[in-house]
Amino acid sequence: MKLIKRWLYNARSFSVPQNLMPSILAVVLAIGVSDFNVFLGLLAVLGVCMVHLGGNLLDDYFDYKDELLSYREELRSEGEKAFTDKYPYLKDGSTTPKQLLFAICVFFAIALLCGFIIWWQRDFDYSLVVIAGVAAFLCYFYSAPPLKLGFHGLGELVIGICFGPCLFCGVYESACGGLYSPQTGFAWHIIALGCAIGLFVTNILYTHSFLERHVDDVSHKKTLAVILKTNFAGLTAFAMFLFIPFILVLICVFNGYIHWTYSFVCLMLPQSFWLMWAMIMHSKNVEVQTDKPHAWLGPMDNWDKVEKENRYYLLRWYAMRNINTGFCFILAIVKIVLSLVA
């Protein structure tokens, strides 16, 4: 158990909610569809979590190979803000690169087993293979050579596709057998919600790249924030990723794809406006109070143990993660309530 806990910690399990809640939401939205199977849905949720954790470790492995942490530490020594809590288990020598590779293989093997069982139970539906194949390709080459998509301004887009439409449609199809059913027709709302969540997940990564763009620029990592260069362009992109998901939900409501009560996701707008303000303050080099974050921003895991030098980053990262989680939680609650009163 200690070994498992250690590797879950190394794989940054605190980030799992950003994909766990969307996966659970996809299963919940599949309830009531003719071929619903809760076991296969939850198996898909487990597979997504394993891919996420394995992907985090894979990113650490290639960053370690490229010695990207040295750029961060150098900037920190010069008085610049730079997040340095990166693969500490490799830095302190408690883990070797070979052990890291083995752990990556274990996480991905579990995900592959989950996927095979689902594929087998769904009569070898090849649309599931296509979804999983696209996600696997993008996930691996996000940081792996020769493509290194995350180094060429495509990292945010890649993560958004993998853990947005691919995740949502894949888990939904695993849970109920397909995006089309004779009862409800084609599930356009699943596509729209998958894109909405993809934008949120994109913004979780983009929050990081915007805050760390000076570090990435020095280390020759061309993230979207580095490519956009100016504060105005960077903040405009951030606002689009942050607020378009709410618009997509309202469009689905107005077109009759989903019940009007799904618009309760707008309850997450106060947190969203606060985060937008916090990002603007960062662009102006204005400090935001980080000693005791507002409770309404959501959980800030182990905040007292977070180094003060890293709080500027984690405060905003946690806030964006919590917006995504709250958005999905509200949609899931609405679906469950509507199912009970129907």
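1. Asp-35 comes out as partly exposed, at 42% relative accessibility. Do keep in mind that this is a predicted model. The side chain of Asp-35 forms a salt bridge with that of Arg-122, at 2.7 Å from N to O. The two ends sit far apart in the chain, 87 residues from one another: Asp-35 belongs to the loop between helix H2 (17–29) and helix H3 (38–65), Arg-122 to the loop between helix H6 (97–121) and helix H7 (126–141). Arg-122 itself is buried, with 10% relative accessible area.

2. Next, have a look at Asp-291 and Arg-311, a salt bridge whose closest N and O atoms are 3.8 Å apart. Asp-291 is in the loop between helix H13 (269–283) and helix H14 (308–341) while Arg-311 is in helix H14, so the bridge ties together parts 20 residues apart in sequence. Asp-291 is exposed, at 52% relative accessibility, whereas Arg-311 is buried at 6%.

3. Asp-301 and Arg-321 also meet through their side chains, in a salt bridge of 3.0 Å from N to O. Because Asp-301 lies in the loop between H13 and H14 and Arg-321 in helix H14, this pair too joins parts 20 residues apart in sequence. Asp-301 is partly exposed at 26% relative accessibility; Arg-321 is buried, with a relative accessible area of 3%.

4. How many salt bridges does a search of the whole structure find? The count is four, and the pairs discussed above are among them.

Key: Residues are numbered from 1 along each chain as its sequence is written. This is a predicted model: local features need pLDDT of at least 70, side-chain atom pairs count only at pLDDT 80 or more; totals for chains, interfaces and linings use all residues. Side-chain values use heavy atoms; hydrogens and water are left out. Helices (H or I, at least four residues) and strands (E, at least two) are DSSP runs, numbered from the N terminus. Buried means under 20% relative accessible area, exposed over 50%, partly exposed in between (1.4 Å probe, protein chains only).
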